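Subject: Handover of a structure and notes on what it contains

Dear colleague,

I am handing over the structure below for your studies. Please keep it open beside this message, as the notes that follow are meant to be read with it.

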Amino acid sequence: MVTMKNFIQNLPKAELHLHIEGTLEPELMFLLAKKNGITIPYNSVEDVKKAYSFDSLQSFLDIYYAGASVLVDSDDFYELTMAYLRKCHDQNILHVEIFFDPQTHTSRGVAFGDVVEGIIEALGDAQKKYGISSFLIMSFLRHLSQDDAIATLKESLPYKYFIKGVGLDSSEFGNPPSKFQKVFQMAKNAGYECVAHAGEEGDASYIKEALDLLHVARIDHGVRCEEDKELIQRLKKEQIPLTVCPLSNLKLKVMQDMKEHNIKRLLEYGLMVTVNSDDPAYFGGYLNENFEAIATSLKMSKEQIKTLARNSFKASFLSEEEKICYIDRFL
Ligand code: ADE
Ligand code: ZN
């Protein structure tokens, strides 16, 4: 009998909700801090791990943005991305759609081009070395202004060939999707795909706004959709993907216990749910560990786990032909 752990390992998977800055492991953080002469408020890896105890999204974001300050040149972004892609290879992840937060870096004087060039070089090398396909999604920080997002959108245009879409992340409370209606319309006009974090800490109205005002193709997180029965019916009817991140939800106290997570229920309602790791270096696990956590805590069947893995390709921005090639592996 194949154990659940081996079953998960062997399943082909795509990851659609992953912040590259959230893959910065403490060891690389120390290395880059030393290389770039940047002071970080930790003395050891153990020290860092102790600091990774969060009670809300904001308590995590404060530490996450501080950590990202060690990333300075394009080589740093290359090393960061390559380390994540090696992990993908180990975990049988065949396709990735990676978020990056340009404003976190440009606000410190790092050039937009250095960030993108480091990441895309690693994506190209991983395609050649491991056969991993990928897209890059640029996220706007929602705690900043729409004007700042518009300036970032304009800065991205010379790199448009390398960027598939735009997203919206950072502090959700008080920064609803409606704040970014104009920049999302501009991004859509420029040919970008659109996604947004919604319904992580914010209530179901944030999900409706992201759909109705930003016209997003996917909702990142979306777990609070359950509070609105009509919304559930709509998500089901339109098969709008939710990129759910179980270990993230547990660490940020969106759920108090993995046994209370609603991913299994959402799947059983017939929603297009996927599993993702969000910021794995901060939340205690990469993609397979997220699958293992829900499989165990929610007593999910292998068939359900397989559906979630299949959904990860269906919900991706791959072409229909490419999706078929990946999904055929499940037959
Ligand atoms: N940025 C990185 N991870 C995030 C999350 N889980 N929610 C909002 N913004 C983020
Ligand atoms: Zn996220």
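Predicted model: local features only at pLDDT ≥ 70, side-chain atom pairs only at ≥ 80, totals over all residues.

Asn311 is found in helix α16. Is Asn311 buried or exposed? Its relative accessibility is 5%, and because a residue under 20% is classed as buried, Asn311 counts as buried. Leaving out residues up to four places away in sequence, Asn311 touches Leu267, Leu271, Met272, Val273 and Thr274.

As a general point, the strands of a sheet pair through backbone hydrogen bonds, either parallel or antiparallel.

At one end of the order, β7 (residues 242–244) runs parallel to β8 and is joined to it by 3 bridges. Within this pair, Leu242 has Val273 of β8 as its bridge partner. Val273 is also among the residues that Asn311 touches.

β2 and β3 pair in the parallel sense over 6 bridges, and Glu97 has Phe135 in β3 as its bridge partner. Strand β2 also contains His95. How much relative accessibility does His95 have? The value is 0%, so His95 counts as buried. The side chain of His95 makes two polar contacts that can be found in the model: one with the side chain of Glu97, at 2.7 Å, and one with the side chain of Ser133, also listed at 2.7 Å. Apart from neighbours within four places in sequence, His95 is in contact with a list of residues that includes Lys13, Ala14, Glu15, Phe135, Phe313 and Tyr326.

Strand β3 is mostly covered, with 8 of its 9 residues buried. Parallel to β3 runs β4, and 5 bridges join them. Ser139 has Gly167 as its bridge partner in β4, while Leu141 stands opposite Asp169 in β4.

In β4, 5 of 5 residues are buried. Which of them point which way? Gly165, Gly167 and Asp169 point one way, whereas Val166 and Leu168 point the other way.

Ser171 lies in the loop between β4 (165–169) and α9 (181–189). Its relative accessibility is 12%, which means that Ser171 counts as buried. The side chains of Ser171 and Gln58 are joined by a polar contact of 2.7 Å. Beyond its neighbours within four places in sequence, Ser171 is in contact with Leu57, Gln58, Leu61, Arg142 and His143.

The ligand

Which residues surround ligand 1? They are His19, Leu57, Phe60, Leu61, Tyr64, Asp169, Ser170, His197, Glu200, His221, Asp278 and Asp279. Some names return here: Asp169 is one of the residues of β4 described above, and Leu57 and Leu61 are among the contacts of Ser171.

- A polar side-chain atom of His19 lies 3.4 Å from a nitrogen atom of ligand 1.
- For Ser170, a backbone N or O atom lies 2.8 Å from a nitrogen atom of ligand 1.
- For Asp279, an N or O atom in the side chain is 2.7 Å from a nitrogen atom of ligand 1.

Taken alone, ligand 1 exposes 260 Å², and the protein buries 100% of that area.

With kind regards

How values were computed. Residues numbered from 1 in each chain as written. Chains lettered and ligands numbered in written order. Heavy atoms only, no water. Pairing = 2+ DSSP bridges. Helix = DSSP H or I, 4+ residues; strand = E, 2+ residues; numbered from the N terminus. Buried < 20%, exposed > 50% of the residue type's maximum accessible area, 1.4 Å probe, protein only. Contact = heavy atoms within 4.5 Å. Near = heavy atom within 4 Å. Polar contact = N/O pair within 3.5 Å; in protein donor to acceptor, adjacent residues only side chain to side chain. Areas by Shrake-Rupley, 256 points an atom, 1.4 Å probe, with all protein chains shown as cover.
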